[in-house]
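Subject: Structure handover

Hi,

Here is the structure for you to take over. My notes on it follow below.

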Amino acid sequence: MLLAEGQRSQPKISQLKSAAELPLRILVLCTGNSARSIMAESIFNSLAADLFQAYSAGSNPTGKVHPMALAQIGQLALPENMIVRSKSWQEFTDRNAPEFDLLLTVCDHAAAEPCPTFAGQYEYVHWSFPDPAGSSNNVEAERAAFTRCFNNIKTRVETLVAKLSTNICNNRATVANVMRELS
């Protein structure tokens, strides 16, 4: 179930468990934070919640989640308290922001941009996915592009989870190297 924006505030750091108890925190970045990064955040939080706590943001967020991305995300069993919304990466630079273990860019444009400094000693990984938004003037072709993109991200996360479950990967560097192998 997707919650509407504003139904829950972000937890304060003091309310979170200690870093040693939490899954690896991953920030998924894209330019608009309206499709790929939000789909990836949702997939990580649904299919890999034991390993990752995912967030997403954009360098130039659109301020809204693309309806076709929401349709894809609707297939997932998301945590009840998860809010799906478009947000700026600046939101994760203040002192109350979580510390990150991994920074994942999912679009080539965001990967080429200079990122602000985020809290944590994170590893950087890039997974390139074509932007499904505006990929066609035909609604059905664009819907198919969203389905392909969602399924490609989902397959990559499922493969990552399978690889991590067969190895003892309890540190960010090892996990980042496995993620890089999948790019």
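Where in the chain is N33 found? N33 sits in the loop between β1 (24-30) and α1 (36-47). Its backbone deserves a look. Phi of N33 is near 45°, a positive value in a residue other than glycine. Most residues other than glycine have a negative phi. N33 has 1% relative accessibility, so it counts as buried.

Confidence next. This is a predicted model. The mean pLDDT of the chain is 84, and 85% of its residues reach 70 or more. The start of the chain is another matter. Over residues 1-22, pLDDT stays under 50. For that stretch the model has 27 contacts beyond four places in sequence. Where pLDDT is low, the predicted coordinates should not be read in detail.

Overall layout:

- The chain has five helices and four strands.
- Along the sequence, the pattern is β-α-β-α-β-α-β-α-α.
- The chain has 183 residues, and 44% of them count as buried.
- Among contacts with a separation of 6 or more, 71% are between residues 24 or more positions apart.
- The accessible surface is about 9,300 Å², and carbon and sulfur atoms hold 48% of that.

Now the aromatics. The structure holds eight aromatic pairs. One of them is W127 with F129. Their ring centres are 6.4 Å apart and their planes stand at 85°. The pair is edge-to-face because that angle is over 60 degrees. Both W127 and F129 are buried. W127 also has a charged neighbour: R156 lies over its face, at 5.2 Å from the ring centre. Elsewhere, Y55, F92, F100, F118 and Y122 form one aromatic cluster.

Which residues of helix α5 are buried? In α5 (residues 172-181), they are V175, A176, V178 and M179. Seen down the axis of α5, the buried residues fall within an arc of 160°, so they line one face of the helix. An α-helix has 3.6 residues a turn, so residues three or four places apart point the same way.

I83 and D94 are both placed between α2 (67-73) and β3 (102-105). What does the accessibility of each one say? I83 has 10% relative accessibility, under the 20% cut-off, so I83 counts as buried. D94 has 43%, between the 20% and 50% limits, so D94 counts as partly exposed.

Both also have a partner elsewhere in the chain. I83 and S42 are 41 residues apart in sequence, with 9.6 Å between their C-alpha atoms. D94 and T117 are 23 residues apart along the chain, and their C-alpha atoms are separated by 9.8 Å.

Last, V139. V139 lies in helix α4 (residues 139-166). Its relative accessible area is 47%, so V139 is partly exposed. How many residues along the chain separate V139 from M68? The count is 71, while their C-alpha atoms are separated by 9.9 Å.

That covers my notes. The files are yours from here.

Best wishes

Technical notes. Residues numbered from 1 in each chain as written. Predicted model: local features only at pLDDT ≥ 70, side-chain atom pairs only at ≥ 80, totals over all residues. Heavy atoms only, no water. pLDDT = per-residue confidence, 0-100. Contact = heavy atoms within 4.5 Å. Phe/Tyr/Trp six-rings, centres within 6.5 Å; stacked < 30°, edge-to-face > 60°. Buried < 20%, exposed > 50% of the residue type's maximum accessible area, 1.4 Å probe, protein only. Lys NZ or Arg CZ within 6 Å of the ring centre and 35° of its normal. Helix = DSSP H or I, 4+ residues; strand = E, 2+ residues; numbered from the N terminus. Areas by Shrake-Rupley, 256 points an atom, 1.4 Å probe, with all protein chains shown as cover. Arc of directions from axis to C-beta.
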